[in-house]
Amino acid sequence: MRVEGFCTFERRDELGAVPPEIVADLIACEQRGARSALRATLEHANVVVIAVPDAAQANANTGIEALRRAARARGVPHFVVDSATDLDELGLHLRGLEQLTDPLRVMVTGPRFTRWRDGERLGWRVVAQVSLTTPAAAPRKHRVLVIDDHVDTAETECKLLRALGHEAIAATTGRQGIELAATFDPDIGLFAIGLPDLSGYEVARALRRTQARPLYLAAITGGDQARDANSAFAAGFDRHVIKPATAEILRGILDEAATRLPLAATS
């Protein structure tokens, strides 16, 4: 992960004048025009960290607001930090992003007095602390069986899981899921309950009886009644989740499964 200071051109940037004594610390921006530094920031980086005096008031600065708007438009993740921000947590989060984006280029920017060594040094502290964050361990790889009679839903979940670095395969009926499990040998299962043949409960019970490999099961259902969750747990599910299963929910399931499954389960 490469962490750098702000891009600038002709000793100015969008957020204020840059003192001459620190120009040597900066990355040169060869573009010209009123938005040159803003564009250069986004072209140099695939993550932007904006250091400000007060994160709650960040958009009061028109330059910061413009940078955030441009970052959103380009799909560049950005984080606004101030002196109260847990930089260790930020560093770990960025190390997680590094698993998905290589190389990860982080650009740190902000108003001059938070960015440079003459002022509060927050920007430089971000650069130093984030750079020194220990790289995250490589995530455990899982084999995930998805069973959902809605084909688009099943495929979308599989695509998300594959994007996170895991193997995933989809079935649209309970019997098909049981057959696939015999050869695919999953360690995680994400099952809908209302399947056209067997219910998700029946599939869970069948796999608990027949599969020797440690298995973490999550019921992905449209029901939110307490009895639905109780029925899922009674059938052998480890977790009951209400649809839709967003990327954040899937990450949570994977994280929980990693703590529950022995290391040998993913080998």
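A residue counts as buried if its relative accessible area is under 20%, as exposed if over 50%, and as partly exposed in between (1.4 Å probe, protein chains only). The model is predicted, so local features need pLDDT of at least 70 and side-chain atom pairs count only at pLDDT 80 or more, while totals for chains, interfaces and linings use all residues. Residues are numbered from 1 along each chain as its sequence is written, and side-chain values use heavy atoms, with hydrogens and water left out.

The chain has 267 residues, and 46% of them are buried. Its secondary structure comprises ten helices and 13 strands. These are DSSP runs numbered from the N terminus: helices are H or I with at least four residues, strands are E with at least two. Contact means heavy atoms within 4.5 Å. Among contacts between residues at least 6 apart in sequence, 66% join residues at least 24 apart.

Helices α6 and α10 pack against each other. Their axes come within 11 Å and cross at roughly 60°. Axes are lines fitted to C-alpha atoms, for helices over the stretch in contact, and angles run from 0 to 180 degrees between N-to-C directions. The angle makes α6 oblique to α10. Angles under 35 degrees count as roughly parallel, over 145 as roughly antiparallel, 65 to 115 as roughly perpendicular and the rest as oblique. E157, L160 and L161 of α6 make the contact with A247, L250 and L254 of α10. A247 belongs to α10, which spans residues 247-260. A247 is partly exposed, at 28% relative accessible area.

H166 sits in the loop between α6 (151-163) and β10 (167-171). H166 is buried, with 9% relative accessibility. Beyond its neighbours within four places in sequence, H166 contacts R140, K141, H142, L161 and L254. A polar atom of the H166 side chain lies 3.0 Å from the backbone nitrogen of H142.

One aromatic pair was found. Rings of Phe, Tyr and Trp (its six-membered ring) pair if their centres lie within 6.5 Å; planes under 30 degrees apart count as stacked, over 60 as edge-to-face and the rest as tilted. F191 and F237 form an edge-to-face pair, 6.0 Å centre to centre with 80° between the planes. F191 lies in strand β11 (188-191) and F237 in the loop between α9 (226-235) and β13 (239-242), so the pair ties together parts 46 residues apart in sequence. Both F191 and F237 are buried.

Definitions and conventions: A polar contact is a pair of N or O atoms within 3.5 Å; within protein, one must be able to donate a hydrogen and the other to accept it, and residues adjacent in sequence count only if both atoms are side-chain atoms.
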